[in-house]
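Here are my notebook entries from a sitting with this model.

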Amino acid sequence: MKKSLQENHRENQNVPVSYHCVCRHLLELLRRTAIHGESNSVLIVGPRGAGKTMLLQCVLRDLQKEEKVQKNLLQVHLSGLLQTDDRTALKEITRQLHLENVVGDKVFGSFAENLAFLLEALKKGNRSSSCPVLFVLDEFDLFAHHKNQTLLYNLFDVSQSAQAPIAVVGVTCRLDVLELLEKRVKSRFSHRQIHLLSSLNFTQYLERVWTQLSLPDSFPDKKFAQEWNAGVKTLCEDKSVEEVLQRHFNSSKDFRSLHMLLMLCLSRVSVAKPTIKPADLLEASRMCFADATANMLHGLSILELCLVIAIKHLNDVYEGEPFNLQMVHNEFKKFLHRKSNSMYNFEQPVVMKAFEHLQQLELIRPVDGSSAKVQREYQLMRLTLDHSQIMDALQKYPQCPTDVKQWAMSAFG
Amino acid sequence: GLAILRTNLKWPNLIFTLFHFETLTFFVLCLSLPENGQQMKAVVQWFMRVSELPVNKLKLLGREPHPQEIFYYECRNCDNEVNVESILRPVKVKHLDSNDPFPDSSDKDTLYVKLSWDSKVFGVVNSTVMESPAEGPSRRVLPTPDHAIMQKASLGEVGCSSVGTPANVEAESLHSATKLSASKCLSAKRRNATARTPGVRKRLELSSECSHKDFKMQPLCRTREQQGFLYISNTKNHHFLTVSLLFLQISPGTPKTPRHATPSIPIRSLQTQQPANILEEARARLHVSSVPESLPCREQEFQDIYSFVESKIIDNTGGCMYISGVPGTGKTATVHEVIRCLQHAADMDEIPSFHFIEINGMKMTDPHQAYVQILQKLTGQKATPDHAAVLLEKRFSNLAPRKETIVMLVDELDLLWTRKQNVMYNLFDWPTRRHARLVVLTIANTMDLPERIMINRVASRLGLTRMSFQPYSFKQLQEIIMSRLNKLKAFEEDALQLVSRKVAALSGDARRCLDICRRATEICEHSAADPSSTGLVGMSHVMEALNEMFSSAYITAIRCASTQEQLFLRAAIAEFRRLGLEEATFQQVFVQHQALCRIEGLRPIGVSEGLAVCQRLGACRLLLLEPSHLGVLQHIRLNVSQDDIFYALKAD
């Protein structure tokens with residue numbers, strides 16, 4: 001059953017209704033490259049998780065179904081995260097195109113030779129006889145950081161001249177991507193941009209949750225499927241569930257985070273407990289929203305926690321100015337003198353060790369530019385925690401002495 | 001072995017491309033040929049010639065190899081499918097027992113197999129080895145056969161047949177040294193055979209016992225004209241199979257450096273479709289790549305460059321010219337047209353002939369590669385950059401009179417800049433040599449490039465022959481589109497004017513103009529179902545295309561952002577106002593964000609979640625962020641104006 005639902009996640013990769021228009025645009029564009037041999041370039045821009053890659057894959061899947069296109073389109077897939085410079089990108093292109101300087105998996109020749117070879121190959125081709133090539137550049141913005149933007153210039157130049165027909169599809173999440181392109185590269189780009197911005201409202205979001213969770217009709221055990229789907233329906237109508245989902249929706253419209261949440265719920269389903277309860281969703285949501293750094297505070301020793309509280313007070317007093325170990329230790333000592341019953345003073349080296357541990361956990365971080373020559377006790381530091389995080393953690397800290405808690409709550413040390 | 005093969009070729013029609021991987025030649029036993037007209041692969045077995053065996057391994061043979069002897073190549077990692085186009089010609093092959101003597105034969109096209117070779121040792125070939133490989137991928141097909149070859153093939157004996165009942169799934173075909181038919185003949189037969197008994201698996205056996213005399217050639221050839229195929233009818237119980245031996249050059253099993261790889265993109269398998277209606281036709285003509293017959297609006301520039309180059313060619317001298325202009329103003333296109341006209345004039349013997357070469361700063365990996373490319377285009381030699389520089393230096397300073405002037409176009413000159421500027425220096429110094437006869441035309445975007453980046457001795461050699469291409473005015477852009485459309489009525493007059501005015505106001509880039517027009521035709525096509533449309537591209541279509549290309553997506557992006565993301569932007573503005581700065585740390589903005597959450601009646605979010613919201617805004621560059629490892633201390637700036645944010649959020 002879980003498997004079926006997981007598949008549901010994958011299956012449901014159909015383009016949402018709002019994207020149908022752009023989907024058709026892209027499909028037409030690529031089909032023209034394949035059938036008419038028309039060169040094109042296009043950028044797909046949208047925030048992370050908006051479905052850019054999904055859109056492209058849907059289009060490519062549809063395209064492959066067409067008899068005319070199937071054998072008439074070579075594909076080259078590059079990613080800015082993998083091909084970090086033009087040298088590797090060129091090798092990858094040559095490899096994926098199986099040009100004649102490729103033997104097995106190896107590409108022969110130097111960078112300069114590879115470039116000349118690829119350009120020569122593309123130049124020899126023409127609209128009517130050579131096989132169209134589709135270049136997909138994932139994380140397009142990273143390609144713009146390559147030296148001189150050689151690869152982009154050449155790809156766009158080929159797409160704007162009477163050479164082998166190519167289609168360049170860039171995928172990026174940066175809205176300002178065109179500003180990254182050099183003037184001459186920009187001029188060669190056709191300026192087609194497909195913006196994927198989902199104007200989805202909460203009702204649609206709920207519907208999506210519902211379709212994601214419900215079992216398909218093809219599920220073998222019909223009776224179970226019915227019960228399950230009814231269960232999902234009641235779940236979706238629950239007030240607390242709706243509230244949680246609303247909170248997620250407010251935070252992000254991204255479907256990936258939604259899938260994450262639903263997966264967490266789903267993993268709590270077992271044979272003994274074959275339904276999702278609202279409590280499961282609440283728990284999953286709590287896990288999703290859990291504050292990572294605050295969790296880290298739970299693992300600190302009481303001395304380290306005291307130092308963090310001392311730092312917090314220092315921050316209050318000096319309005320966020322950096323501090324050093326000596327100041328923190330003094331603050332801690334003040335607390336011991338005045339209020340503490342349960343705590344006693346530690347040796348300087350012990351405190352120093354605790355302080356260094358905080359630094360290792362990156363709860364505090366040295367101020368930029370403070371040189372390493374300064375003695376460690378006097379090195380300036382900043383706290384990378386928010387006060388609310390400290391207070392939160394303190395509430396949940398196991399067996400926290402009351403006087404420490406009070407000290408943390410009090411306005412002034 | 002390549003040279004010999006070429007001279008031996010009798011059927012030039014069968015040769016398409018030769019692989020230039022290695023000097024090794026393999027022989028291929030063609031076991032089955034494709035069937036369905038689309039794929040162009042043949043399934044083969046590999047053989048090696050004596051000359052291809054390592055010399056030091058030949059002693060393992062223990063005897064003198066026969067000159068006509070070949071060895072069955074047992075290599076598992078060889079690809080047993082090859083491109084049909086690489087088939088050179090058929091030859092005869094005979095399988096001999098390892099003890100049998102070689103027959104005396106002067107026929108150079110007959111070859112003998114006794115042993116196998118697995119790249120280490122020789123082995124005995126048993127006849128089952130020659131069986132066809134498993135069916136699977138072998139059902140493939142050839143392209144339309146060449147008629148001439150078919151004729152030839154049918155003239156020679158097409159030997160061998162086999163006996164098998166149609167019900168028999170395995171039709172065995174025994175035969176021996178077969179007179180070979182053209183491989184394509186086989187495909188036709190195969191097609192015919194399988195059409196009758198689908199799924200038949202053919203087995204081939206090579207054995208010297210059976211001679212081809214046992215089988216009678218079927219003279220029942222007839223041509224199906226409408227397809228151009230030659231069909232050999234097969235009578236009820238007969239299937240015809242031919243074993244062809246083919247020459248082929250491929251890479252051997254172990255990778256070797258391909259020294260003579262030809263750069264080429266595979267040929268497409270289906271014809272390109274021709275434009276079907278006016279809009280498609282217009283789109284094809286408006287594509288930047290379609291070269292117009294003449295370039296409008298650059299008559300003056302054309303004339304200047306033409307007369308400059310022409311005079312240098314006629315006077316047998318050299319010179320430099322610097323051409324500048326923003327992208328998309330027709331610099332390279334004009335120079336190309338000049339060269340085309342000059343070439344034409346040279347063909348008509350009006351001016352002395354000249355040699356044109358072109359390099360592009362963007363199409364090389366390093367400025368010094370310019371030498372390599374120039375040398376290669378001049379002489380075809382390959383050399384390292386340093387060596388190429390020396391050779392070119394020699395060539396241009398040599399006193400020996402050269403036959404023709406060289407005209408060199410250097411595109412994207414600014415990229416040839418190096419710290420010592422020696423590449424540029426040389427480029428401009430060579431034309432000044434007495435016997436160089438070199439004309440250098442350089443192109444770059446900025447007008448003041450010589451003053452800005454060149455040191456004096458380089459700038460002085462470049463000289464003062466400068467030309468700058470102004471951005472196109474709206475009238476010129478309109479003329480360009482009109483001339484491209486060439487009286488094709490696809491656009492409304494107003495629509496064209498709108499495009500050209502808009503582009504002229506923005507950049508004067510002709511590429512942009514053409515792209516917009518192309519996009520507009522697409523939009524028009526989509527809205528063709530609308531009954532009010534005239535079928536012409538109108539104002540509305542052009543407006544839509546313009547909006548798509550030039551409108552910024554920031555405002556829509558803000559509108560489509562989630563509630564918390566919108567709140568975060570507002571919090572950032574509020575914090576900037578409070579600080580009176582354009583920058584704040586995440587911590588400061590977060591405090592504002594919490595407050596805003598409370599005002600809006602939302603549950604305040606945690607720091608981790610807040611950071612995630614901030615990162616998402618940073619990823620699409622609505623915010624500019626410091627590296628994320630700084631956590632709450634990272635500084636935040638806006639990448640959009642505050643007014644835009646207010647505008648976007650207010651409209652809700």
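**Entry: helix contact.** I began with the residues that α17(B) and α20(B) bring together. From α17(B) I noted B:Gln566, B:Leu569, B:Arg570, B:Ile573, B:Phe576 and B:Arg577, which meet B:Gln642, B:Ile645, B:Phe646 and B:Leu649 of α20(B). Sorted by class, this contact has six nonpolar, two polar and two charged residues. I keep in mind that the model is predicted.

**Entry: helix geometry.** Next I looked up how the two helices are placed. Helix α17 covers residues 563-579 of chain B and helix α20 covers residues 642-650 of chain B; their axes lie 11 Å apart, at an angle of about 140°. Angles over 145 degrees would count as roughly antiparallel, so α17(B) and α20(B) are oblique to each other. I also wrote down the handedness: α17(B) passes α20(B) in a left-handed crossing.

**Entry: cysteines.** How many disulfides does the structure hold over all chains? I found zero. I then checked two cysteines. For B:Cys341, the closest cysteine sulfur is that of B:Cys297, and at 16 Å it is too far for a bond. Is A:Cys131 buried or exposed? A:Cys131 has a relative accessible area of 3%, so I put it down as buried. B:Cys341 comes out at 30% relative accessibility, so I list B:Cys341 as partly exposed.

**Entry: chain B overall.** Chain B has 20 helices and 22 strands. It has 652 residues, of which 51% count as buried. Taking contacts in chain B between residues at least 6 apart in sequence, I see that 72% join residues at least 24 apart.

Conventions
Residues numbered from 1 in each chain as written. Chains lettered and ligands numbered in written order. Predicted model: local features only at pLDDT ≥ 70, side-chain atom pairs only at ≥ 80, totals over all residues. Heavy atoms only, no water. Axes fitted to C-alpha atoms, helices over the stretch in contact; angles between N-to-C directions. Helix = DSSP H or I, 4+ residues; strand = E, 2+ residues; numbered from the N terminus. Parallel < 35°, antiparallel > 145°, perpendicular 65-115°, else oblique. Left-handed = near helix turned anticlockwise from the far one by under 90°. Contact = heavy atoms within 4.5 Å. Nonpolar A, V, L, I, M, F, W, Y, C, P; charged D, E, K, R; others polar. Disulfide = S-S within 2.5 Å. Buried < 20%, exposed > 50% of the residue type's maximum accessible area, 1.4 Å probe, protein only.
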